[in-house]
Amino acid sequence: MLFSTVGIIMLAIVLLTIQFSKTEYEVAFTNLDSSDAAGIIKHLETGGIAYKLGADGTSISVPSKDASRVKVDVGSQGIVQNGSIGWEAFNEGSSLIGMTDNEFNVKYKSALNGEVEQLLKRMHGIQDAKVLINLPAENVFASLNEKEKASASVVVTFKSGYRPDQEAVDGYFNLVKTSVPNLPIENISLSSSDDSILLPTGEGKGQIGSLTTAVQENLTLQKKFESDVRQSVRQFLARLMGQDSVEVLVTSKLNFDQISQKENLVTPVDTENMKGIEISAERIQKSYTGQGTSDSGVAGTGETDVANYPAADNSNTTTSSEESSSTVNYEVNRITKDIIASPYVIKDLTINVAVEPPNGQETLDPATKSAIENVLANIVGSYLADSGSTYTDDELLKKVSVLSQAFHKDDTKTSGLSLSSPLVWGALAAALLAIAGVVVVLVRRGRKQNEEIEEEIPMPLTPEFPSINLDTVTNENQVRKQLETLAKKKPDEFVNLLRTWLADE
């Protein structure tokens with residue numbers, strides 16, 4: 001026991017010493033490329049800081065006590081660039097005498113690519129990005145419209161499980177467009193690492209994305225409308241038939257076409273006479289009276305007449321003529337209407353209701369069923385009032401149906417949860433038998449253990465009562481001393497001795 005205890009204590013001391021003396025490492029940098037990892041390792045080795053490089057080469061761990069300081073130090077020095085170099089390229093390796101135009105253009109393009117990459121990597125859901133921007137050569141003689149436009153090719157890698165929506169994609173396009181001068185959206189090619197092409201909204205083929213979004217919104221609105229109608233009908237019928245006695249199925253057809261039209265109407269002011277208001281009137285009347293000849297007949301038809309010349313007539317007659325004209329300008333009502341119709345028009349609606357009959361009935365009575373159908377027909381008619389079609393009462397009744405079925409009883413039977421089912425009673429009996437068997441086994445085992453314990457415990461020996469021979473002791477003091485000694489050393493035996501004396505007396 002002594003050697004074992006000493007060995008365990010020494011082993012515990014060694015293990016605790018190793019545990020508390022070893023260095024705890026914490027992952028400080030993840031998702032690093034080779035250039036950033038090499039820069040961080042060089043910085044850590046220069047500062048004498050221990051590190052561990054991950055198995056994949058994209059993560060670096062440092063001691064936990066130095067993790068925060070190392071992160072701040074590396075971030076302040078701009079070592080992590082995620083594989084891209086921004087405007088800091090002009091601060092490194094610059095010549096004292098300046099740089100050539102070609103060198104400046106190369107550094108400018110590289111820095112611009114790096115800055116756009118860093119901006120994209122800060123966007124939500126993007127893990128990595130690669131950007132290649134093509135800047136056209138400047139021409140001082142070309143106008144703004146004639147200048148060649150810039151172009152950009154972008155490949156992004158999304159984080160695991162992330163799928164961008166159309167709004168996020170439009171944000172990516174807008175970021176690249178505003179980062180590069182003279183770069184239209186149609187000149188930006190954006191694709192993901194899984195070879196899928198991302199398109200902006202409303203630009204060329206990008207309308208497909210907006211169309212998909214519009215279809216999804218329309219389907220959502222249609223489901224919302226059907227859900228509202230279903231809930232209203234169910235709440236109404238539940239008060240009459242019971243909360244769990246009604247099931248409603250609603251199908252609808254909505255028209256999402258948005259119509260814009262312009263009407264120029266001209267209507268009379270006086271609708272009875274179909275006339276407008278007179279704003280100006282001009283009436284001219286002329287008359288003439290004078291002497292003239294009567295009709296001489298057809299020219300050049302007599303025997304002595306010259307062809308095409310009228311014959312002479314010496315008779316004088318009085319002639320008169322009259323001329324009258326009237327011009328009236330009327331003003332009418334001119335109405336101009338710009339009508340934009342709502343894009344959400346209900347074209348068709350059907351309501352199907354399943355009702356459980358009351359207790360003691362197999363089906364609904366005809367009066368109740370007819371009343372429910374009339375209520376549903378009124379609801380359908382109110383929703384189809386603005387559909388542009390007129391429906392009769394019989395046509396509205398064809399759009400509703402009421403089914404009488406005891407569906408709750410069927411569910412109970414098929415589910416097997418009824419207390420009257422033989423299977424349930426059999427399961428309960430088996431469970432009770434199993435519990436009783438376990439209890440009996442435990443009770444028997446407990447009794448057996450108690451019997452074994454009783455057998456193992458030795459029976460207490462009959463105490464031997466000490467005796468004092470008073471006949472051989474003549475001195476009273478000696479008797480007293482023996483009794484005091486017996487009481488001090490063996491009090492139990494002294495008590496038994498007293499009990500024996502009392503029993504004898």
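The model on display is a predicted one. Of its 505 residues, 23% count as buried. Colouring by secondary structure brings up twelve helices and 14 strands. Among contacts with a separation of 6 or more, 70% join residues 24 or more positions apart.

Select residues 25–29, 52–53 and 60–63, which are strand 1, strand 2 and strand 3. These three strands form an open sheet with antiparallel pairing, in the order 1-3-2. Strand 1 and strand 2 stand at the edges with a single partner strand each, so one side of each has no neighbour in the sheet. Four bridges, in the antiparallel sense, pair strand 1 with strand 3. To inspect this pairing, show Glu26, which stands opposite Val62 in strand 3.

**Second stop: the largest nonpolar core**

Display the side chains of Leu120, Ile133, Val156 and Val176; within the largest nonpolar core, which has 25 residues, these four touch the most other members. The elements that give two or more residues to this core can be selected as helix 4 (101–121), strand 4 (126–134), strand 5 (151–158), helix 5 (166–179) and strand 6 (188–192). Helix 5 gives the most, with six residues.

Centre the view on Leu120. Which residues is Leu120 in contact with, leaving aside its neighbours within four places in sequence? They are Ile126, Ala129, Val131, Val154, Val156, Leu175 and Val176. As general background, nonpolar side chains in soluble globular proteins tend to be buried together.

Select Val229, Val233, Val250 and Val400. They are included in a second, separate core of 23 residues.

**Last stop: Lys399**

Move to Lys399, in the loop between helix 8 (393–398) and strand 14 (400–404). Is Lys399 buried or exposed? Lys399 has a relative accessibility of 16%, and because the cut-off for buried is under 20%, Lys399 counts as buried.

To see the surroundings of this lysine, select Asp348, Leu349, Thr350, Ile351, Val380, Leu384 and Tyr391. Lys399 is in contact with each of these residues, its neighbours within four places in sequence being left aside.

Methods. Residues numbered from 1 in each chain as written. Predicted model: local features only at pLDDT ≥ 70, side-chain atom pairs only at ≥ 80, totals over all residues. Heavy atoms only, no water. Buried < 20%, exposed > 50% of the residue type's maximum accessible area, 1.4 Å probe, protein only. Contact = heavy atoms within 4.5 Å. Pairing = 2+ DSSP bridges. Core = buried A, V, L, I, M, F, W, Y, C linked by side-chain atoms within 4.5 Å.
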